[in-house]
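Work through the exercises below with the sequence and the model open. Each task is followed by a stepwise solution.

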Amino acid sequence: MSSPASAVPTPDPAAPDLPPGRPVHRSVARPATRALVLGALGVVFGDIGTSPLYALQVVFSIDEGAVKPTPDDVYGVISLVFWSVTLIVSVKYILVVMRADNEGEGGVMALAALVRRTMDPSSRRIGLVVALGVLGAALFYGDSVITPAISLLSAVEGLTVSDPGLVHLVVPIAAVILTALFVAQRWGTQRVGSLFGPVMLLWFLVLGVAGLAQIVKAPEIIKGLSPTYALGFVVSHPFIAFIALGAVVLSITGAEALYADMGHFGRPAISRAWFAVAFPALILNYLGQGGLILQTPEAVSNPFFLLVPTWARLPLVILATAATVIASQAVISGAFSMSRQAMQLGFLPPLTVRQTSKEESGQVYLPAVNAAMFVVVLVLMLTFGSSERLATAYGISVTGALLIDTMLLLTVAKALFGWQLWKLVLAGVAFGGTEAMFLSANLTKFLTGGWLPLLIAAAMFTIMTTWQRGRHLIIQNRSSEEGSLEEFIEHLHANPVHRVPGTAVFPHPTSETTPLALRANVEHNFVLHEHVVIVSAMAQTVPHIPIEERLTTDDLGYGDDGIVYISIRYGFGDQPDIPGCLRAAIQADDPMMRFDPDTASYFLSRATLTPTRAPGMQRWRKMLFIGMAHNAADPSTRFGLPPDRTVVMGSQVEL
């Protein structure tokens, strides 16, 4: 959209709400077909599936080797990894959080919208929930740009295990692969997933087989599955265990991306892929690496690649590189989903969204988000130069996002699941307590790189809150210029103007005020079309609304003047196609729809924004808002308006 005041600005997310009688929660059931399960393996589990590449290596190298390759430390670390993955990923996300989907959509923005729907509209806590949702999304963006860089670097660095002389080629090779990955996004998640699915299936099989082969050689490592070793490690070495937690968290990175990608494949497919393939393969590999370190303590330098024979390392590097490309795909897809949700809920400016699947509405491609992520990831890769250096920046944004998900989950669990107080307390201690410890451990890395994802998150939080606040001010300022629609229509009846043949459609955010383009047409041209349609397209806090439930019509008090108001409600996962919705209403024989949308002319009001000294927002934020509005997507494209029948009329609005 060229300006937030042009055409149909998305209302403030606190304003639109669901009509009475709509259920609070309605999960969209989607069968877990083999294609969806394979696609989920290829897109959803790439991030967490490649954690074995670097997780244990970082654990034993962090803080200059504070964690030693001794039996007690190895058993303790393996136990921490196993129970972290089990508790946070298997129990919290797969079994609990993914049940709290917002009609099939996942991610922190969808969860925050779901929480809002269960609360009293007058509650003061709504502002806190919205802030948590925005902060969680901002932290997710911070994680999304680090994951591709650290994953690709860690895989390509496998070349140096066999030949240290190749170290100078690591960054160039990783940069070329990264470029190809982002270029491929335009073909969509479905095509990428169908290509990546078989590769990830092979990857998990290799993880499991490599780990199992070492477990056979050192079966005593299985003792590490007992929680007593994790507890003993923490009790006997509290400081070292605390430091280790800052790296153990690498084993659960990707859990939030897993939830954010739920709209692409559905909960059943993701659950089946996790418990049948990903989870057992990951645990077998971590156990195998632990067994290798028990037998060969020097293997802490790179336990993943040293887990296989020398002849298999180059093929494993190639496969690992492919898997890390897929790991990057998981967070990229999640960023696309998160961005569209934020845009539809009014926290990001309208961006170009391309639907990449005819069957799955959640599979989208956002060129602007793709380009921005590519630039940031490439800069990080070139600046840090190695996965070990990037690991110091990893963790804070991940654990922060996990903790926010838990806070929102506990807020909504009583309404959704009927949880009693003891269940809420147990979940809060188990999930929130564990994640709080992870966050605390990672905060110790702030000065050595942990500031980076927080800086990115702070920038995204500022952008999202600035856009929301700016839109609110613009709508307020426009209202005074537009004037009452009711008074305008009464004036037309008292002072008739010449009516010309045809239909004029005026996209406008509300029925309370008059579209500036309509007022200008009457005041300057002294004419009015035979049929006048004022249309409001409003995003709701649910992902999808059936086409037959989207439209409501109002004759505005006069049934014979040819002026009608139409409200279109669409989910934040729906495409806001105004002509398509009007056609559907005509096919339903709505008596007020006595015109042909395929011959109608569409009139948009395009505002020129002028910053002023008026209170409400700092001047630098006003300039930021105007910059975002100037670069927003064209409203005629966003709302599906025909370019040859769309007229743009200018106006000026002060900010």
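**Basis**

Of the 655 residues in the chain, buried ones make up 60%; buried means under 20% relative accessible area, exposed over 50% and partly exposed in between, with a 1.4 Å probe and protein chains only. The model is predicted, so local features need pLDDT of at least 70 and side-chain atom pairs count only at pLDDT 80 or more, while totals for chains, interfaces and linings use all residues. Residues are numbered from 1 along each chain as its sequence is written, and side-chain values use heavy atoms, with hydrogens and water left out.

**Exercise 1. Describe the secondary structure and the contacts of the chain.**

Step 1. The chain has 26 helices and eight strands. These are DSSP runs numbered from the N terminus, helices being H or I with at least four residues and strands E with at least two.

**Exercise 2. Find the salt bridges and state where each partner lies.**

Step 1. Apply the criterion: a side-chain nitrogen of Lys or Arg within 4 Å of a carboxyl oxygen of Asp or Glu.

Step 2. Glu-435 pairs with Lys-92, with 2.6 Å between the closest N and O atoms.

Step 3. Glu-523 pairs with Arg-519, and here the closest N and O atoms are 3.4 Å apart. Both residues are in helix α23, four residues apart, or about one turn of the helix. An α-helix has 3.6 residues a turn, so residues three or four places apart point the same way. Glu-523 is partly exposed at 42%, whereas Arg-519 counts as buried at 19%.

Step 4. Arg-583 and Asp-598 form a salt bridge with an N to O distance of 2.8 Å. Arg-583 is in helix α24 (residues 578–587) and Asp-598 in the loop between α24 and β7 (601–610), so the pair, 15 residues apart, links distant parts of the chain. Arg-583 is partly exposed at 33%, and Asp-598 is partly exposed at 39%.

**Exercise 3. Which residues of helix α23 are buried, and what follows the helix?**

Step 1. Helix α23 covers residues 516–525, and its buried residues are Leu-516, Ala-517, Leu-518, Arg-519, Asn-521 and Val-522.

Step 2. Phe-526 comes after α23, in the loop between that helix and β4 (527–539). Phe-526 is not a glycine, yet its phi is positive, about 60°. At 56% relative accessibility, Phe-526 counts as exposed.

**Exercise 4. Identify the nonpolar cores.**

Step 1. A nonpolar core is a set of buried Ala, Val, Leu, Ile, Met, Phe, Trp, Tyr and Cys residues joined through side-chain atoms within 4.5 Å. The largest has 164 residues, and those with the most contacts inside it are Phe-45, Trp-203, Phe-204, Ile-270 and Trp-274.

Step 2. Helix α7 (residues 125–156) gives the largest share of this core, 18 residues.

Step 3. Leaving aside residues up to four places away in sequence, Phe-204 touches Leu-41, Phe-45, Gly-49, Val-277, Ala-278, Ala-281 and Leu-282.

Step 4. A second, separate core has 20 residues, including Val-564, Phe-595, Tyr-602 and Leu-604.

**Exercise 5. Describe the lining of the largest cavity.**

Step 1. The lining of the largest cavity has 10 residues, and Ala-112, Ala-113, Arg-116, Leu-345 and Phe-347 lie nearest its centre. A cavity is a set of points on a 1 Å grid over the protein atoms alone where a 1.4 Å probe fits but cannot get out, and lining residues have an atom within 4 Å of a point.

Step 2. The elements giving two or more residues to this lining are α6 (108–117) and α7. Helix α6 provides the largest share, four residues.

Step 3. Check the cover of α6: 10 of its 10 residues are buried.

Key:
Contact = heavy atoms within 4.5 Å. 1 Å grid on protein atoms, 1.4 Å probe; cavity = no way out; pocket = protein on both sides within 12 Å on 5 of 7 lines; lining within 4 Å.
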